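Here is a friendly walk through one protein chain, from its overall build down to single residues. Please keep the structure open as you read.

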Amino acid sequence: MTHKWSVDRRQFLAGSVGALGSAFFARMPLDAMDTRLAPPQSRSWDAGLVRHLLPTVSDSRILLKASFERPLAEAPTLRIGARGFPGRSNDTLRECWQFYATDLEAGRTHSLSLVGADGTSLCEPWTLSTFPPTDARPERFRVLFFTCAGGPGGTYTGIGERTGFLPAPIRSRLLRRALSFAPDAAVANGDHIYWDLHRWEGALTGSLSPNAERSQFDFSASVLGTSNEAALKLAAAPQIVPVYGADFRSTPVFFLQDDHDHWENDAAGAFPVAWFQLQLARATQQLYYPEFLPEATRPAGLPWSSSSERGDVSESFGTMRYGRLAEILLYDVRRTMSLGPSAVFVDLSVEEWLQQRTASPEVTHLVHAPSNPLGWSAGKWGEWYPDFLDPATQALGTSVPKPYWQEGWLRQHDRLVASMAAMRSRPPLVVSGDLHAVGLARMLRSGTLDLSANPVTAVLSGPVGTSPAGFPSVVRGVGPTPPSHLDLDEVVRPIEQHGFSLVDFLADRIVVRLFRWDANSQPLEAIDRLDPFLTSELRGPA
């Protein structure tokens, strides 16, 4: 059957959260109501009824999350070649859907289309490639890394004149510039949502935040299927839908959650995360961006992994495997972080998997991508490092104990760093986000570990949406700083500007390129001309 993909937009129904959320329109903050959810449309691709598309892939599977301009009463179908995969509704109103395709041919560019129950096309067809077979030897693999793309919006009227988070169209513009370099995949490392529900500083510690009060969440109820679902959508959708739109339809993306994605800041008292915030984090992921697909070398029984009607996926721990050329280990440190004598950031079963894969000679390049950065500190509670801001000297150090910090976190840090440095045939690399900066350094010492024979390269990937008050030097009084536990050779000291990183994996080396845009000195048009300000080649020990 031939399908007409052009959609008459006059037939669109007005976007609505229905009776479930109508009462919230009068009480939600204006920045959520005023943010336009319609994504900036491609000039050459018709999005039709689609508001956003975010796919992820492995060598044989595709998982696609999508939302539509109006609810779909009957399930749509994802068509890949001659095969059809029925959609599954992820929300009560049937606006958000997922499509899970299996048993696909590896290393092939597939033709995809979305078709309604009546046979009409919901958008223009597009293409998406599966990763090569695990035993293939591709010549190159290019990955885009970025962080902190969330935020409820702000204003920008010119160079140096803005308030709040970067407006969604500017974030989208930054990401489109990154996509212009044709990455094979992307890693969105944490902080896709900023809507913290409690205050964790000052006299009101533990009380509800203004966002929580305006949202009027019912903390005793479930999230989906209640009034909480409408409140979540009003808070979260404007931070994701217009930022990505369908721009990543042909670029698989891997989303890692961090502290704000659990609807709290990483402060003592906020973590381990409470049940309600955990449900919000899981629901946000379910509605808007893909979980991690299974991989043969990652145990199926890791925490927050499951095989259910929604597929055998992992919420917090992922693998990006590109033949025998590269493997990137993605791990959320917030979901399983613990306190006490045996405190860890990642569950010990997760650490065992990380250690095993790091030691395995299967792939040419093995990279760590945790949600909490290695290499620098901003004196925050939920960091690997004990450094704290001394109010007398206004400097980071260990002279003032960091309240409620756990030594077990640092012990786990050193175990992981030791395993990276032990890869004698590879250049050890860790790419992180969270700290709202772009930077690169070589880790020469970690505690008593001498890493000089094979230094670990640490990269801060660059933030996309950070507000002026969100940079560490503003909110904490100190920028990202090498902790006392490390000896760092800072090739690029962390720069608190918006940006992203591109990493090329080749048979004999890794090439890291860092990009930055300064909202205080550069016009918007400069985004479209961004080139790397640093290119660094990494090679293993001779």
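## The chain as a whole

Please bear in mind that this is a predicted model. The protein chain holds nine helices and 28 strands. Its C-alpha trace spans about 65 × 55 × 45 Å along the principal axes. How does the radius of gyration fit with a compact globule? For 542 residues, a compact globule would come out near 24 Å, and the 22 Å of the protein chain agrees with that.

Of the 542 residues, 61% count as buried. Looking at contacts between residues at least 6 apart in sequence, 73% join residues at least 24 apart. The accessible surface comes to about 20000 Å², and carbon and sulfur atoms account for 51% of that surface.

## Charges and salt bridges

The protein chain carries 50 positive and 58 negative side chains, and the centres of these two sets lie 4 Å apart. Side chains of opposite charge can pair when their charged atoms come close. How many salt bridges does the model have? The count comes to 33 salt bridges.

Let us begin with Glu-105 and Arg-108, whose side chains meet in a salt bridge with an N to O distance of 3.4 Å. Are these two residues buried, exposed or in between? Glu-105 is partly exposed, because its relative accessible area of 48% falls between the 20% and 50% cut-offs. Arg-108 is partly exposed as well, with a relative accessibility of 42%.

A second pair sits in helix H8 (residues 407-421), where Arg-411 and Glu-407 are four residues apart, about one turn of the helix. Their salt bridge has its closest N and O atoms 3.9 Å apart. Arg-411 has a relative accessible area of 40% and so counts as partly exposed.

Ser-316 is found in the loop between strand E15 (311-314) and E16. With a relative accessible area of 0%, Ser-316 is buried.

Gly-225 is another loop residue, placed between helix H4 (210-215) and helix H5 (227-244). Gly-225 has a relative accessible area of 46%, which means that it is partly exposed. The C-alpha atoms of Gly-225 and Leu-93 are separated by 8.9 Å, although these residues are 132 residues apart along the chain.

## Backbone details

Most residues other than glycine have a negative phi, and most peptide bonds are trans. A few places in this model are worth a look with that in mind. A cis peptide bond joins Phe-271 and Pro-272, with omega about -5 degrees. Pro-272 lies in the loop between strand E13 (253-256) and H6.

Asp-191 is not a glycine, yet has a positive phi of about 60 degrees. This residue, Asp-191, is found in the loop between strand E12 (185-189) and H4. Is Asp-191 buried or exposed? Asp-191 is buried, with a relative accessible area of 0%.

Trp-304 is located in the loop between H6 and E14. At 28% relative accessibility, Trp-304 counts as partly exposed, whereas Asp-191 is buried.

How values were computed
Residues are numbered from 1 along each chain as its sequence is written. This is a predicted model: local features need pLDDT of at least 70, side-chain atom pairs count only at pLDDT 80 or more; totals for chains, interfaces and linings use all residues. Side-chain values use heavy atoms; hydrogens and water are left out. A salt bridge is a side-chain nitrogen of Lys or Arg within 4 Å of a carboxyl oxygen of Asp or Glu. Buried means under 20% relative accessible area, exposed over 50%, partly exposed in between (1.4 Å probe, protein chains only). Helices (H or I, at least four residues) and strands (E, at least two) are DSSP runs, numbered from the N terminus. The radius of gyration is taken over C-alpha atoms; the globule rule is 2.2 Å times the number of residues to the power 0.38. Contact means heavy atoms within 4.5 Å. Accessible areas come from the Shrake-Rupley method with a 1.4 Å probe; for residues, only the protein chains shown count as cover. Lys and Arg count as positive and Asp and Glu as negative; His and the chain ends are not counted. The place of a charge is taken as NZ of Lys, CZ of Arg, CG of Asp or CD of Glu.
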